[in-house]
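This briefing covers the pockets, the cavity and a few helices of the structure shown below. Please read it alongside the sequence and the coordinates.

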Amino acid sequence: METLSPAQIAAFEAVLNKVPVDDRALLHALKDAAAAAAAASAPHWDFDQPGHRAEEALAEAFGAALTDDHRRALVALWALEMPARVPAADMPAAVHELYPEWIQRLADFLTAAADPYDRDFWAKDVRISLVLSVPGARTQMIDLSSPMGPGQVLRHAREGWGWSVIPAYAAAQAWKPWLEVHTESRELADFNEAGWDRAWATAAEICKRRPEMAGMLGSSWFYDPPLEQISPRLAYLRLNLLKHGAFMVHQGPGEIHTQRAATSSPTRAALIEAGEYTARSWIVAFPRAALIKWADARKAAMMSEAA
């Protein structure tokens with residue numbers, strides 16, 4: 001990646017300089033160990049783990065004096081190190097071309113200093129600044145290691161959701177680490193079919209660089225099959241992947257899925273309130289061979305159209 005722009009460097013340094021000089025010294029002292037602890041926890045299924053490790057390091061250093069200014073300052077400090085950290089991750093051009101916008105958004109968000117620091121945004125900013133997750137499109141970020149254990153696949157089958165998932169899991173060698181896609185709600189410009197296609201295509205390029213990856217998966221209520229009738233505009237999120245070799249694993253209902261499914265749709269909210277719909281989370285997994293085949297065909301079609 002290119003070095004940060006002078007304006008971005010100035011923005012991150014200004015965020016860092018909002019804390020007293022003694023506190024900045026503490027942040028410099030803890031940043032490397034905190035980054036290592038965050039990176040060690042990143043392959044956990046819980047997306048928030050690196051943020052938790054960073055929070056623990058800050059709490060140990062600052063105790064009751066810890067504020068969101070300290071949190072933003074630590075992210076800014078890590079962001080200033082991204083010109084060294086990003087090349088070390090050996091990402092493809094599809095990722096690098098997205099970094100300028102993502103870094104500018106991070107600088108703008110930290111500069112705005114909205115309190116309280118939303119916990120989901122904190123988790124995402126820790127991961128992005130440490131290159132534990134990378135840009136996949138304008139709206140989607142991609143974790144560089146996520147597990148899919150056999151237990152949830154067996155539970156899917158035992159609970160009556162279908163046994164075909166077991167041979168699909170085996171064929172994908174799905175016990176290997178996966179990439180995982182997440183939505184960045186601070187920028188929803190690419191929450192559309194073209195944007196999601198770009199994110200999955202970016203994942204294919206990462207898989208070409210990282211042969212140890214099983215492919216990419218996503219986990220969300222918006223892969224729930226009943227949405228094909230309830231919210232047909234979201235059907236592409238699931239169907240486009242399934243018809244090119246992805247498979248799905250049922251995870252189940254939960255309060256967070258109900259909340260998210262109801263928030264952006266009065267129709268879903270009314271059905272949930274009436275007891276006529278229960279939002280369920282599903283994993284959709286696109287194995288590497290099928291993912292790369294689809295992405296290469298997409299690229300060829302785009303080049304043909306442009307010719």
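Leaving aside neighbours within four places in sequence, H182 is in contact with F47, T139, Q140, M141 and D143. The model is a predicted one, and every value given here is computed from it.

**H182 and its surroundings**

- H182 is found in strand 3, and because its relative accessibility is 17%, under the 20% cut-off, this residue counts as buried.
- Among the contact partners of H182 is D143, and the side chains of H182 and D143 are joined by a polar contact of 2.7 Å.

**The largest pocket**

- The largest pocket has a volume of about 1300 Å³, and of the 39 residues that line this pocket, H182, S219, S220, W221 and R260 are the closest to its centre.
- Two or more residues of that lining come from each of helix 8, strand 3 (178-183), strand 4 (215-220), helix 14 (255-263) and strand 6 (280-287), and helix 14 gives the most, with five residues.
- By class, the lining of the largest pocket divides into 15 nonpolar, 15 polar and nine charged residues.

**The second largest pocket**

- The volume of the second largest pocket is about 220 Å³, and the residues that line this pocket are A94, E97, R198, A201, T202, E205, A295, R298, K299 and M302.
- Helix 11 (193-209) and helix 16 (288-306) each supply at least two residues of this lining, which divides into four nonpolar, one polar and five charged residues.

**The cavity**

- A search of the whole structure finds one cavity of 30 Å³ or more, and about 60 Å³ of space lies in the largest cavity.
- The lining of the largest cavity is made up of E193, W196, D197, W200, Y223, Y236, L237, N240 and L241, with six nonpolar, one polar and two charged residues by class.
- At least two residues of the cavity lining come from helix 11 and at least two from helix 13 (236-242); helix 11 also supplies at least two residues of the lining of the second largest pocket.

**Helix 7**

- Helix 7 is followed by A113, whose phi is positive, near 55 degrees.

**Helix 8**

- Helix 8 (residues 119-129) is mostly covered, since nine of its eleven residues are buried; these are F121, W122, A123, K124, D125, V126, R127, I128 and S129.
- At the start of helix 8, a side-chain oxygen of D118 reaches to within 2.9 Å of the backbone nitrogen of D120, while just after this helix V131 takes a positive phi of about 60 degrees.
- Helix 8 is also one of the elements that give two or more residues to the lining of the largest pocket.

Definitions and conventions
Residues numbered from 1 in each chain as written. Predicted model: local features only at pLDDT ≥ 70, side-chain atom pairs only at ≥ 80, totals over all residues. Heavy atoms only, no water. Helix = DSSP H or I, 4+ residues; strand = E, 2+ residues; numbered from the N terminus. Buried < 20%, exposed > 50% of the residue type's maximum accessible area, 1.4 Å probe, protein only. Polar contact = N/O pair within 3.5 Å; in protein donor to acceptor, adjacent residues only side chain to side chain. 1 Å grid on protein atoms, 1.4 Å probe; cavity = no way out; pocket = protein on both sides within 12 Å on 5 of 7 lines; lining within 4 Å. Points joined across faces, edges and corners; volume = space filled by probe spheres on them. Nonpolar A, V, L, I, M, F, W, Y, C, P; charged D, E, K, R; others polar. Contact = heavy atoms within 4.5 Å.
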